[in-house]
Amino acid sequence: MIIHDHLDINEAGHLTIGGMDTVELAKKHGTPLYVLDENVIRRQCRTYRDAARKYFGEDALPLYASKALCFTGIYKLAAQEGMGIDCVSGGELYTAKRAGFPAERIYFHGNNKTDRDICDAMDMGVGTFVVDNEDELAAVSAQAVRRGITQRILLRITPGIDPHTHRAIITGNVDSKFGNAIVTGQAMDIVKKAIEANGIDLAGIHCHIGSQIFDIEPFEDAARIMTEFMADIKKECCFEIRELNLGGGLGVRYTEYDREIDYADSIRQISEIVKALCVKNGIAMPRVILEPGRSLVAASGITLYTVGSVKEVKGFRNYISVDGGMPDNPRYALYQSQYTALVANRASDARDYRATLAGRCCESGDLLGENMEIQRPERGDTLAVLVTGAYNYSMASNYNRLPRPAVVMVKDGEDRVVVKRETYEDLVRNDVL
């Protein structure tokens, strides 16, 4: 096992994913290449689904986060596993619709839904809007009245918590572009407006404090603040909140230095806090919604590259250049995200070479990692970056006019393409001469 139990080394000394030889996958499909282990994704969905129902009740629902990894096939998988989904754009909604995902199990997020987004979502029959602000509330109300419907909504609330993660992925503090802060009084103001708004069914409230969090305490703090706010709503407005979306953000093990998280036990701990707080605050236990985020798909994926050059700058550092980079994985450039990398065809060799993993773009910041422990490679080797199932394909770009890689799913000894590799013709398809 290498970090996660679906990654291993075979008799040839090659890295395997789901028992399949990554060197052979690279030869068959080319590089760069995203590879996902379907069994891992399904297992993670079941872990969250079963734990949510066990500890919060049969109506509890975990949502698959579209923004982490979005393509038609992933929605079909999520539907089969009994998940809900959250979408944050018209494009994600369109993809979910194309996959036939049940619209009533879609939660539509986003801090700036356009009028077209709102209309398209209503025409599609999206079950729940997560309303971010008063302007959006007015727009949703107007469109619902125009259609003669009542739109079910949650309100996004900012609990004011610092979860001690990377600043760029904190979303629950008071100074945020997301939601309505409790401490400023804006949260209660929008609750009152939603209760009175025409065409609106205020089902509940939502919060999300951030991502890649390894401690349970911030989630316990969020649960406390949100249940106390529910009690305040009941007291001040004589209105019972029926649904509480606690968001997500539990961390993922990207390197051997990251801790492993027992996701089911984390849900158990959070459930005990919520139940106790509901009793303490004199409110009914709400339906609970969870947003597992990246933890459903991150570990399932790897990215395969072909090594181009190995450059040793004496007295400074070593560079390994590959045929991908920030266009297929911008997370190091954005967040200095840490990864584990292996030379896939030398995976059994010692990782006794230190190097910076460089992409092929004409950009000095095009790096996938620095000072990484890896096997010493040669030109033509297959190199794997692990735990790339989340926020890699979904954040990929065509910078330097590079086509985006294919996505391959493996399951039980079989591999299949779920997203085709882009071609040069795809790059110019929308150009006007």
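User: Why does the pair Lys-193 and Glu-134 count as a salt bridge?

Analyst: The closest N and O atoms of Lys-193 and Glu-134 are 3.7 Å apart. A salt bridge needs a side-chain nitrogen of Lys or Arg within 4 Å of a carboxyl oxygen of Asp or Glu, so this pair qualifies. Lys-193 lies in helix H7 (residues 186-196) and Glu-134 in helix H6, 59 residues apart, and the pair links distant parts of the chain. Helices here are DSSP runs of H or I with at least four residues, strands are runs of E with at least two, and both are numbered from the N terminus.

User: What kind of model is this?

Analyst: It is a predicted model: local features need pLDDT of at least 70, side-chain atom pairs count only at pLDDT 80 or more, and totals for chains, interfaces and linings use all residues.

User: Are Lys-193 and Glu-134 buried, exposed or in between, and why?

Analyst: Buried means under 20% relative accessible area, exposed means over 50%, and partly exposed is in between (1.4 Å probe, protein chains only). Lys-193 has 42%, so it is partly exposed. Glu-134 has 36%, so it is partly exposed too.

User: What makes Glu-236 and Lys-192 a salt bridge?

Analyst: Their side chains meet at 2.6 Å, N to O. This pair also links distant parts of the chain: Glu-236 is in helix H8, Lys-192 is in helix H7, and 44 residues separate them. At 48%, Glu-236 counts as partly exposed. Lys-192, at 35%, is partly exposed as well.

User: Which residues do salt bridges with shared partners join into one network?

Analyst: The network holds Glu-38, Arg-42, Arg-46, Arg-49, Asp-50, Glu-81, Lys-411 and Arg-416. The salt bridge count comes to 31.

User: What distance makes Lys-113 and Glu-136 a salt bridge, and where do they sit?

Analyst: The distance is 2.7 Å, N to O. Lys-113 is in the loop between strand S7 (106-108) and helix H5 (115-124), and Glu-136 is in helix H6 (residues 134-147), 23 residues away. Both Lys-113 and Glu-136 are buried.

User: Why is Ala-355 called buried?

Analyst: Its relative accessible area is 4%, so it falls in the buried class. Ala-355 belongs to strand S17 (residues 353-358). Its C-alpha atom is 9.3 Å from that of Lys-311, 44 residues away along the chain.

User: What makes strand S20 mostly covered?

Analyst: Of the 6 residues in S20 (residues 406-411), 5 are buried. Across the chain, 57% of the 433 residues are buried.

User: How do you know that S20 pairs with strand S4 and strand S21?

Analyst: Two strands pair if DSSP finds at least two bridges between them. S4 (residues 33-37) and S20 share 5 bridges in the parallel sense, with Val-35 opposite Val-408. S20 and S21 (residues 414-419) run antiparallel, joined by 5 bridges. Both counts meet the rule, so both are pairs. Met-409 has Arg-416 as its bridge partner in S21. The hairpin of S20 and S21 has 2 residues between the strands, and Asp-412 takes a positive phi near 50 degrees there.

User: Why are S1 and S3 called edge strands?

Analyst: Three strands form an open, antiparallel sheet in the order S1-S2-S3. S1 (7-9) and S3 (20-21) each pair on one side only. Strand S2 (residues 15-17) and S3 pair over 2 bridges, and Thr-16 stands opposite Asp-21.

User: Which residues lie nearest the centre of the largest cavity?

Analyst: They are Phe-219, Gly-247, Gly-248, Ile-270 and Leu-290, among 15 lining residues. Helix H2 (38-56), helix H8 (217-237) and helix H9 (263-281) each give two or more residues to the lining. H8 gives the largest share, 3 residues.

User: How does the radius of gyration of the chain fit a compact globule, and why?

Analyst: The radius is taken over C-alpha atoms, and the globule rule is 2.2 Å times the number of residues to the power 0.38. For 433 residues, a compact globule would have a radius near 22 Å; the chain has 23 Å, so the two agree. The C-alpha trace spans about 70 × 55 × 45 Å along its principal axes. The chain has 11 helices and 21 strands.

Key:
Residues numbered from 1 in each chain as written. Heavy atoms only, no water. 1 Å grid on protein atoms, 1.4 Å probe; cavity = no way out; pocket = protein on both sides within 12 Å on 5 of 7 lines; lining within 4 Å.
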